[in-house]
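Here is a short briefing on selected helices. Please keep the sequence and the 3D view open while reading.

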Amino acid sequence: MKKRIKLFDPVIGSKEEKVLLKALKSHFWASGSGIGKVSEFEHKFRKYVGAQQCVALNSGTAALHLALTLFDVKGKEVILPSLSFVSTAHAVVYNGGKPVFVDVDPHTLCLDPVDVEKAITRKTSVILPVHFGGMPCNLSKLMKLCKAHKVSLVEDAAHAAGATYQKKRIGKHGNAVCFSFHPVKNLAMPTGGAITLNGKNSSKQKNVLSSLRWCGISDRKGVTYDVNKLGWNYYMNEFSASIGLIQLDNLEKTNNIRRKIAKRYSKEIQVEFKMLFNKDCSYHLYWIQVKNRDRFIKQMEKRGIETGIHYLPIHKMSFYKSQEKLPITEKVGKNIVSIPNHPNLIENKVDYIIKNVNELA
Ligand SMILES: Cc1ncc(COP(=O)(O)O)c(C=O)c1O
């Protein structure tokens, strides 16, 4: 039987094995008492994205949760897309805020700035865009809106590690940018996430977040410490950081492979709606839209190709059941399918995927 083509697949090699063994044998696995890989990762990732500070955490969900603690969210509104992983909205609720779901641009599936502007009220505290699939949002317009309405910009960049817009926009990122290093992400770890911070308060904010990620512990002096706030157990471990450093070294190369595949898909796949090609995109995933999705997914599976749905709209989930009318999100939510795009795909597999999508879509 032919090997099934996976939708996502982390790229690993002998270097990852070596550093894992080194961390294992060090006997120091937690970041505070570890072998310094977490702080090395923070330093290198911060420089890579061109941010002023970086705080490493144990997931993208933790990154969103903690990033929003820096802003005045309790009892306020946060504008976000419904077309995202549910953590984007949960982070608002963890902070006592109200998610206000806004429709997306049909070409990028990122927040539509025109709709964002209509949704801003006196209660808006934060705009929280998602760089969908690694496609950069219209940050210039969102930043202008934030400035005009005195609200903060927190980016959900869970899909966007290594999206080249980040490097070109040094100093022009949102107040906080949240990354996920979940095993299927472009920069993969067993679990992991990070917040990069920008602006004049970033050094102070890093100190606050460093305490929050470890149960609110502060003022450590030798073996004594204080706890002046409620915190969480969100720190990154040394195994994740060790793998992450190797993944970071390879990120340009692996993202370029994703871009090459996406370029072929965008030219050769014959469907009405598909992800466009943009050289600044990190192509964490590649989406197309098909009319008969259930049938398409089953037929692709029969032909040995795994597909997925990213995402079912959050505002339709029973926990949220939000009343917003989001026609584009709702249509996309019914038709969207992700097809394999990862650096382990060799050319003849890409040929095979294109041929089958064109036959079945
Ligand atoms: C858009 C988006 N935001 C947030 C997250 C949460 O990241 P994690 O799984 O690392 O908690 C994910 C991950 O799946 C995601 O895709």
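The model is predicted. Helix 1 spans residues 14–26. Helix 10 covers residues 293–302, and helix 12 covers residues 347–360.

**Helix 1: length and end**
- Helix 1 has 13 residues.
- From first C-alpha to last, helix 1 reaches 19 Å, close to the 18 Å expected at 1.5 Å a residue.
- Histidine 27 follows helix 1, and its phi is positive, near 70°.

- Glu16, Ala23 and Ser26 are the buried residues of helix 1.
- These residues lie on the same side of helix 1, because they cover an arc of only 90° around the axis.
- An α-helix has 3.6 residues a turn, so residues three or four places apart point the same way.
- Ser14, Glu17, Lys18 and Lys25 are exposed on the other side of helix 1.
- Helix 9 (238–268) is included in what covers the buried residues of helix 1.

**Helices 10 and 12: geometry**
- The axes of helix 10 and helix 12 come within 10 Å.
- These axes cross at roughly 140°.
- The crossing of helix 10 and helix 12 is right-handed.

**Helices 10 and 12: contact**
- Helix 10 contributes Arg295, Phe296, Gln299 and Met300.
- Helix 12 meets them with Asn356, Val357 and Leu360.
- The residues of this contact are four nonpolar, two polar and one charged.

How values were computed:
Residues are numbered from 1 along each chain as its sequence is written. This is a predicted model: local features need pLDDT of at least 70, side-chain atom pairs count only at pLDDT 80 or more; totals for chains, interfaces and linings use all residues. Side-chain values use heavy atoms; hydrogens and water are left out. Helices (H or I, at least four residues) and strands (E, at least two) are DSSP runs, numbered from the N terminus. The expected span of a helix is 1.5 Å times one less than its number of residues. Buried means under 20% relative accessible area, exposed over 50%, partly exposed in between (1.4 Å probe, protein chains only). The arc is that of the directions from the helix axis to the C-beta atoms. Contact means heavy atoms within 4.5 Å. Axes are lines fitted to C-alpha atoms, for helices over the stretch in contact, and angles run from 0 to 180 degrees between N-to-C directions. A crossing is left-handed if the near helix is turned anticlockwise from the far one by less than a right angle, and right-handed if clockwise. Ala, Val, Leu, Ile, Met, Phe, Trp, Tyr, Cys and Pro count as nonpolar, Asp, Glu, Lys and Arg as charged, and the others, Gly among them, as polar.
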